[in-house]
Amino acid sequence: MTPSGRTPSRLRLDTALHGLALTFRGMTAVPDEDNCECHWGSAEDLAQLKTPDAELDPDLLRRAWQAIDWRDHGAVLRRILPQFTAALVAGAVEPVFDMGDVGQSFGRGRWQRWPGDQAAAVGEFLHAWWADSLVAPDAAVPAYEVFALCAEASGTVTPWLDVWAVTVHPTADRRLVEAVREWEYDLLGGKLPWYAWDHDEKRVGELSAWLAEHAPARLGSQGAPQELHHRVRLLGLPEPARWEDPHWPGHGY
């Protein structure tokens, strides 16, 4: 614990949130931004997105990040990021499907192409939140959901798996057990275990192979049932061998 009573990972996350607030202070949607009053919201709602730093009510914040038809989604995302990220960490954002849906909002904003300081602030937030979700005993959002958001926001699972691999902590091991429970069914069916626009065989394969390599020891340290061990082992097998294995669960896809 630090002198403030916060863990190092939480201190890093709080610093990242503060950095976002400073970096994106004063941002607004583009002047000619528009959306359908019938389906999205009123002119007054839209005007708030063009007013810097005004606090948005939760429903307007939700409609802002969920909409897929902004003229400049990146500008809208920059406008809401300080409030949006704080709400995410607090567990106050409810996606339509799961946190993969929220991550796609980041992806639509193309944040990795923003000016260096802005992209760095977003990247540090994602990495800090992911690192904290692995070790925080009272995280408001499950680690497997944070992972989905980060994977969709960045378009890759690699850096997030790399962090998990080197995070030696009992809580990180428990988070892996929780993830395996949530993910094994879809991964054994060759699908990403969260909401995604496309069928990404590369990410499915990478995530499955990583779990087959890294999960067994952690499952064992947490006393996970043998059933989960077999699910992870099956993820490391090619599909014909999976189906012929005596422990194949018989899922229908």
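**Entry: helix α5 and its neighbours**

I began with what the buried residues of α5 pack against, and found α3, α4 (73–89), α6 and α7. A reminder to myself: this is a predicted model. Helix α5 spans residues 99–108 and is mostly covered, with 8 of its 10 residues buried. I listed the buried ones as Met99, Gly100, Asp101, Val102, Gly103, Gln104, Ser105 and Phe106.

**Entry: His73**

Next I looked up His73, which has its place in helix α4. Is His73 buried or exposed? Its relative accessible area is 10%, and the cut-off for buried is under 20%, so His73 is buried. Leaving out residues up to four places away in sequence, I found that His73 touches Trp65, Ala67, Ser105, Arg108 and Gly109. Ser105 was already in my list of buried α5 residues.

**Entry: Asp59**

Asp59 sits in helix α3, which covers residues 58–66. I noted a relative accessibility of 37% for Asp59, so this residue counts as partly exposed. I also checked Asp59 against Asp138: they are 79 residues apart in sequence, and their C-alpha atoms are 26 Å apart in space.

**Entry: α6 against α9**

At what angle do helix α6 and helix α9 pack? I read about 95° between α6 (residues 116–135) and α9 (residues 170–188), with the axes 6 Å apart. Roughly perpendicular runs from 65 to 115 degrees, so that is the word for α6 and α9. On the α6 side, the contact is made by Ser133, Leu134 and Val135; on the α9 side, by Thr171, Ala172 and Arg175. Sorted by class, this contact of α6 with α9 has 3 nonpolar, 2 polar and 1 charged residues.

**Entry: ring pairs**

How many aromatic pairs does the structure hold? I have 14 in my notes, and I looked into two pairs by name.

Phe125 with Trp129: the ring centres are 5.6 Å apart and the planes meet at 25°; stacked means under 30 degrees, so the pair is stacked. Both residues lie in helix α6, 4 residues apart, about one turn of the helix. Phe125 is buried at a relative accessible area of 0%, and Trp129 is buried at 4%.

Phe147 with Trp194: here the centres are 5.8 Å apart and the planes are at 65°; edge-to-face means over 60, so the pair is edge-to-face. This pair links distant parts of the chain, 47 residues apart: Phe147 is in helix α7 (residues 143–154), while Trp194 is in the loop between α9 and α10 (201–221). Phe147 is buried, with 0% relative accessible area, and Trp194 is buried too, with 6%.

Which residues do ring pairs link into a cluster? I wrote down Trp130, Phe147, Trp164, Trp183, Trp194 and Trp210. Both Phe147 and Trp194 from the edge-to-face pair are therefore in this cluster.

**Entry: arginines over rings**

Arg63 lies over the face of Trp40, at 5.4 Å from the ring centre. Arg78 lies over the face of Trp114, and there the distance to the ring centre is 4.8 Å.

Notes. Residues numbered from 1 in each chain as written. Predicted model: local features only at pLDDT ≥ 70, side-chain atom pairs only at ≥ 80, totals over all residues. Heavy atoms only, no water. Axes fitted to C-alpha atoms, helices over the stretch in contact; angles between N-to-C directions. Helix = DSSP H or I, 4+ residues; strand = E, 2+ residues; numbered from the N terminus. Parallel < 35°, antiparallel > 145°, perpendicular 65-115°, else oblique. Contact = heavy atoms within 4.5 Å. Nonpolar A, V, L, I, M, F, W, Y, C, P; charged D, E, K, R; others polar. Phe/Tyr/Trp six-rings, centres within 6.5 Å; stacked < 30°, edge-to-face > 60°. Buried < 20%, exposed > 50% of the residue type's maximum accessible area, 1.4 Å probe, protein only. Lys NZ or Arg CZ within 6 Å of the ring centre and 35° of its normal.
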